[in-house]
Amino acid sequence: MDTSPSALLRVLLPKVPFVAKTALWHTLWLSPTSSKWDLRTEVTVNIIRSLLDSPGPTPLSKQQRWSLKDPGIKGPMWISKVTLPKPEEDDIRSVLVDAIETLKGAVGVYTTPAGLSVEAEWTGYRANVRHDRPRLDLSEAQHYQRLMSEVTSPVTLIYLHGGAHYMMDPSSHRIPVSRLAHLTNGRCLSVRYRLTPQNPFPCALLDAFQTYLSLLYPPPGSFHEPVAAKNIVLAGDSAGGNLALALVQLILEINRSSTRESLAFHGQSIEFPLPLPAGVASSSPWTDLCRCMPSILSNAQYDYLPPPKGPDTVSRFPHDEIWPTDPPRGDLYCDLSMLDHPLVSPLAAKDWTKSCPMFFSCGEEMLADEGKAVASLAAKQGVTVVWEQHEAMPHCFPLLFEHLEASRRGFKNWAAFCSKVAAGSDNDEEARLETNGTWYAAKTCKETAVDVRSLALCSREEVAERMGSAIHARMQGKEGEAKILPKL
């Protein structure tokens, strides 16, 4: 993203009167969030909200280009850029399509994706350097060697970035990903998965699946040695959390329903069942692309994401070179008939039995209810689930509001879960993780225990009904085309 002073000035200068009004209202305790937020958070959230809720969104291609501007590599991070080659065999694509078909209802339209090589960035913490220290002039292999020289834990994260499936990439998330590497003493592989609308479902999921198998069974020429599944955690924020949970559901479904005994991958034979990762750890995961749960409206005062428009003010993206697609479809990520597919919206998944442990962190945000429903169902089905929610915090708050104690706590707990499940402790008591939930009060972070199994506010039947109604409204043209994001 372009975060240069001139770019920020162009965005913020017209907002000066708005900022002054926001600060005044907060100071006089006239804002409904004055008792929950500090002034910096109040101003920041309201600026983001004003940008996101503009009368008409910017064309998709411009938003996407803006989000993909590389800020460069500097400071306390090691970055090694790699390409994970496409396997000559077609097995991983075939088992993905089989799982999609098994989970799909009577109607569901999608295009089988082409298999491609996947770009990614190995990310680690570079100790004892200033934040403005430039990257060393080394080969990518040498950067990986330097990175590994500072890794002291077997924890390996596959990081899937957020951005509503159509924005951002590993370069936009280097700072938070390197922070996770630092806190876990491990390494992260940040994936440049294919973005929509040019590459709709299931392209990104195929890229994530290929990346996971490439860690387990390295293709020829890889920098890394084979990584044990017990040391891998799937991590992500927002849409990346969606992909991480979808990948777990994909592996579960392959193991449940595939008639294969193995699959071929870069000349190797991988026997079934496929190994699950040590855990999946998400921050504000977007699990419901239908956007149908109650918190989408009820928690809007604490979030910067724009709520769904009413039928008289349906949001549409302006036409440009990437939208609408040919043939046209009703959602950026997939055909409307696929919105309630479990690999598109993990909220729709019925069975998490035998899943790896799960970590959910969210604010009192618009996506909270969908996360609660997934966490609650998984816990009821015997999955170890760690849930935490922070009062009055917006979407992906640890990544955006580093100055807050809630954000520091959120990052610490996120990393602690990853270390707990993937560090490979030989001590059973130390490695044991139990289902638990915590509510953190605003400002003080005072902890209150919550029952994860009772988190869901809607029954499974009501969830299915809500998703079906939302899809029908979209098909009737009564809702917008996706999460409408920045007008920049």
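Does Ser67 count as buried or exposed? The model is predicted, so local features are described here only at pLDDT of at least 70 and side-chain atom pairs only at pLDDT 80 or more, while totals for chains, interfaces and linings use all residues. Residues are numbered from 1 along each chain as its sequence is written, and side-chain values use heavy atoms, with hydrogens and water left out.

Ser67 has 0% relative accessibility and therefore counts as buried; the term buried means under 20% relative accessible area, exposed means over 50%, and partly exposed lies in between, with a 1.4 Å probe and protein chains only. Ser67 belongs to helix H4 (residues 60–67). Helices (H or I, at least four residues) and strands (E, at least two) are DSSP runs, numbered from the N terminus. A polar atom of the Ser67 side chain lies 2.9 Å from the backbone oxygen of Gln64.

The next subject is the sheet. It is an open sheet of 10 strands with mixed pairing, in the order E1-E2-E4-E3-E5-E8-E9-E10-E11-E12. Two strands pair if DSSP finds at least two bridges between them. At the edges are strand E1 (77–84) and strand E12 (447–450), each of which pairs on one side only. On average, neighbouring strands of this sheet are turned by 20 degrees against each other, direction ignored.

Within this sheet, strand E4 (residues 187–192) is largely enclosed by the rest of the structure, because 5 of its 6 residues are buried. Strand E2 (residues 118–125) runs antiparallel to E4 and is joined to it by 5 bridges; Trp122 has Leu189 as its bridge partner in E4. Strand E3 (residues 156–160) pairs with E4 in the parallel sense over 4 bridges, and the bridge partner of Thr156 in E4 is Arg187.

E3, helix H7 (residues 174–184) and E4 form a right-handed β-α-β unit. Right-handed means that, with the strands pointing away from the viewer, the path from the first strand over the helix to the second runs clockwise.

Elsewhere in the sheet, strand E9 (residues 358–363) and strand E10 (residues 385–390) pair in the parallel sense over 6 bridges. Cys362 has Gln389 as its bridge partner in E10.

Helix H7 packs on the sheet and touches E1, E2, E3 and E4, where contact means heavy atoms within 4.5 Å. The direction of H7 makes about 55 degrees with that of E2; axes are lines fitted to C-alpha atoms, for helices over the stretch in contact, and angles run from 0 to 180 degrees between N-to-C directions.

Conventions. A polar contact is a pair of N or O atoms within 3.5 Å; within protein, one must be able to donate a hydrogen and the other to accept it, and residues adjacent in sequence count only if both atoms are side-chain atoms.
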